[in-house]
Amino acid sequence: MIRILLAEDQGMVREGLKMMIETDQELRVTGEASNGKEAVTLCETHHFDLIILDIRMPVMDGLEAARIIHTRWPERKVLILTTFNDDEYALEALRNGARGYMLKNAEPKELIRSIRICLAGGLSLEEHVAAKVLPRLMKQSDQVEVDPAITPRELAIMRLIGEGRSNKEIALELALSVGTVKNHISVILDKLDLRDRTQLAIYAIRHNVV
């Protein structure tokens, strides 16, 4: 069973999202919060594999909650689910450690797919959000070169991470074991002084690796 914390301030919306998520038999919403502060508090006493956060909530918004959760529990995946197709929100969410940014009007199968990508260590951006965010990241990357310490093999792994591939998918494409892929990623993060896979995906996009 995959345990999910769902933070949404509107009760009816939260219940609807819960029903959508649990159409997948492996996914269970085992915690509910009406604001970011409640979500952080629940993370202190319960284990969750994934935390889904709305952006605009009272007391503490989802972006701040994402930052705190990622700082304190970096192994836990965060997915932002919102009504706002806003590239500034999306960029801040990524900077705060979110592994996905989805709009609430997405189809249930798209939400499930996004959850699965996040859990597998990938980066999931809703199509309309990606169309606005990726050009901005690419614009920032003009004439910026990748650190020369990165080997061709590491560059290939970075490219696939930037495309949102999971460790298993990377291993299959490059004919490596999952453990070897994980080791390469750790080395890359150390070389580039990056905190996590999300920052690495953004680095790959900014430096035209993807």
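Predicted model: local features only at pLDDT ≥ 70, side-chain atom pairs only at ≥ 80, totals over all residues.
One cavity of 30 Å³ or more is present in the structure. The volume of the largest cavity is about 40 Å³. Its lining is made up of Arg99, Gly121, Gly122, Leu123, Ile161, Gly164, Arg165, Arg197, Thr198 and Ala201. Helix H10, which spans residues 197–206, contributes three residues, the largest share of this lining. By residue class, the lining of the largest cavity comprises three nonpolar, four polar and three charged residues.

Ile161, one of the lining residues of the largest cavity, also takes part in the contact between helices H7 and H9. The axes of H7 (residues 152–162) and H9 (residues 178–192) come within 10 Å of each other and cross at roughly 95°. Because angles of 65 to 115 degrees count as roughly perpendicular, H7 and H9 are therefore assigned to that class. On the H7 side, the contact involves Arg153, Glu154, Ile157, Met158 and Ile161. These residues meet His184, Ile185, Val187, Ile188, Lys191 and Leu192 of H9. Seven nonpolar residues, one polar residue and three charged residues make up the contact of H7 with H9.

Across the whole structure, 16 salt bridges are found. One of the salt bridges joins the side chains of arginine 3 and aspartate 49, with an N to O distance of 3.7 Å. This pair links distant parts of the chain, its members being 46 residues apart. Arginine 3 belongs to strand E1 (residues 2–7), whereas aspartate 49 is located in the loop between helix H2 (36–45) and strand E3 (50–53).

Definitions and conventions. Residues numbered from 1 in each chain as written. Heavy atoms only, no water. 1 Å grid on protein atoms, 1.4 Å probe; cavity = no way out; pocket = protein on both sides within 12 Å on 5 of 7 lines; lining within 4 Å. Points joined across faces, edges and corners; volume = space filled by probe spheres on them. Helix = DSSP H or I, 4+ residues; strand = E, 2+ residues; numbered from the N terminus. Nonpolar A, V, L, I, M, F, W, Y, C, P; charged D, E, K, R; others polar. Axes fitted to C-alpha atoms, helices over the stretch in contact; angles between N-to-C directions. Parallel < 35°, antiparallel > 145°, perpendicular 65-115°, else oblique. Contact = heavy atoms within 4.5 Å. Salt bridge = Lys/Arg side-chain N within 4 Å of Asp/Glu carboxyl O.
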